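Visitor: I would like to go through this model label by label. For each term, tell me the value and the cut-off behind it.

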Amino acid sequence: MRLTSLGRSARSKAGIKVRQPLARVFAKVRAPAEENALRRMEAQLLDELNVRELVPIHDESDFLRYEVRPNLPLLGPKYGPAVAEIRDALAGQDPAAVAAAVAQGHTVEIAGHQLEPDEILVSTVEREGFASAQEGGYVVVVDTEVPPELRDEGLARELVHRLQNMRRSADFDIADHIVTYYQGDQDVARVMDAFVDY
């Protein structure tokens with residue numbers, strides 16, 4: 001599913017491993033009809049991204065803003081001195097509208113010239129606390145603020161991951177009973193007490 005891939009890209013961009021649970025993921029699909037499919041796939045999406053809540057959105061501008069600028073290496077040879085006029089006119093356009101047109105592969109009229117999608121460079125700037133990824137009209141934004149209870153769960157998952165790696169390195173079978181010992185700060189002790197069954 002494309003949204004899962006975009007969600008993983010957003011997590012990677014923020015430097016947050018999938019083992020760390022997150023509170024919310026926001027998703028924008030291309031058409032209202034796709035929202036029903038999004039709801040049907042919600043449990044799978046939440047599981048694969050390790051997120052607690054899915055929030056469909058229709059406008060990503062609450063989370064990010066777009067910056068658009070001319071692709072000078074392409075436009076310079078094509079338009080010569082008119083590039084300055086194109087640059088100024090592009091600066092006066094609605095960046096979100098231009099970005100949407102470019103994402104859909106449409107040409108954009110700027111200063112009387114039809115610019116191809118690859119002739120406009122689009123970049124996004126996320127609001128603090130969020131990371132996003134987008135492709136072909138789909139947008140996924142993850143909330144990168146991790147509440148303490150989810151941070152503890154993430155640490156528990158990390159500890160289990162390390163124990164499993166140690167078990168494999170020692171060539172133990174998954175059915176073997178092993179005794180483990182740990183040493184760590186109060187965060188590790190708290191997590192070991194809270195998640196001992198896990």
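Visitor: Why is Phe26 called buried?

Guide: The model is a predicted one. In it, Phe26 has a relative accessible area of 5%. Buried means under 20%, so Phe26 is buried.

Visitor: What makes Phe63 count as buried?

Guide: The relative accessibility of Phe63 is 8%. The cut-off is under 20%, so Phe63 counts as buried too.

Visitor: And what makes Gly92 exposed?

Guide: Gly92 has 66% relative accessibility. Exposed means over 50%, so Gly92 counts as exposed. Gly92 lies in the loop between H5 and helix H6 (95-103).

Visitor: Why is the pair of Phe26 and Phe63 called tilted?

Guide: Start with the centres, which are 4.4 Å apart. Rings pair if their centres lie within 6.5 Å. The planes make an angle of 40°. Stacked needs under 30 degrees and edge-to-face needs over 60, and the rest is tilted. So 40° gives a tilted pair.

Visitor: What does the pair of Phe26 and Phe63 tie together?

Guide: Phe26 lies in strand S1, and Phe63 in the loop between S2 and strand S3 (64-70). The pair therefore ties together parts that are 37 residues apart in sequence.

Visitor: What makes the pair of Phe63 and Phe130 edge-to-face?

Guide: The angle between the planes is 70°. Over 60 degrees counts as edge-to-face, so the label follows. The centres are 5.0 Å apart. Phe130 is in strand S7 and Phe63 in the loop between S2 and S3, so this pair links parts 67 residues apart in sequence. Both Phe63 and Phe130 are buried. Ring pairs join Phe26, Phe63 and Phe130 into a cluster.

Visitor: Why are H4 and H5 called oblique to each other?

Guide: The axes of helix H4 (residues 72-79) and helix H5 (residues 82-91) cross at roughly 130°. Roughly perpendicular covers 65 to 115 degrees, and roughly antiparallel needs over 145. The value of roughly 130° falls between these ranges, so H4 and H5 are oblique. Their axes come within 8 Å. Leu72, Leu75, Gly76 and Tyr79 of H4 make the contact with Ala82, Val83 and Ile86 of H5.

Visitor: What makes H7 roughly perpendicular to H8?

Guide: Helix H7 (residues 148-169) and helix H8 (residues 186-194) pack at about 85°. That angle is within 65 to 115 degrees, so H7 is roughly perpendicular to H8. The axes are 9 Å apart. Asp152, Leu155, Ala156 and Leu159 in H7 meet residues of H8, including Asp187 and Val188.

Visitor: How do you know that Lys28 and Glu60 make a polar contact?

Guide: Their side chains are joined at 3.0 Å. The limit is within 3.5 Å, so the distance qualifies. Lys28 is in strand S1. Beyond four places in sequence, Lys28 also has contacts that include Leu3, Ile57 and Tyr138.

Visitor: Which residues have the most contacts inside the largest nonpolar core?

Guide: They are Leu3, Val25, Leu38 and Leu54, in a core of 21 residues. Among the elements that each supply at least two residues are helix H1 (2-14) and strand S8 (138-143). Leu38 touches Leu3, Ala27, Val29, Leu45, Leu54 and Pro56, leaving out residues up to four places away in sequence. A second, separate core has 14 residues, including Ala82 and Leu115.

Technical notes. Residues numbered from 1 in each chain as written. Predicted model: local features only at pLDDT ≥ 70, side-chain atom pairs only at ≥ 80, totals over all residues. Heavy atoms only, no water. Core = buried A, V, L, I, M, F, W, Y, C linked by side-chain atoms within 4.5 Å. Buried < 20%, exposed > 50% of the residue type's maximum accessible area, 1.4 Å probe, protein only. Helix = DSSP H or I, 4+ residues; strand = E, 2+ residues; numbered from the N terminus. Contact = heavy atoms within 4.5 Å. Polar contact = N/O pair within 3.5 Å; in protein donor to acceptor, adjacent residues only side chain to side chain. Phe/Tyr/Trp six-rings, centres within 6.5 Å; stacked < 30°, edge-to-face > 60°. Axes fitted to C-alpha atoms, helices over the stretch in contact; angles between N-to-C directions. Parallel < 35°, antiparallel > 145°, perpendicular 65-115°, else oblique.
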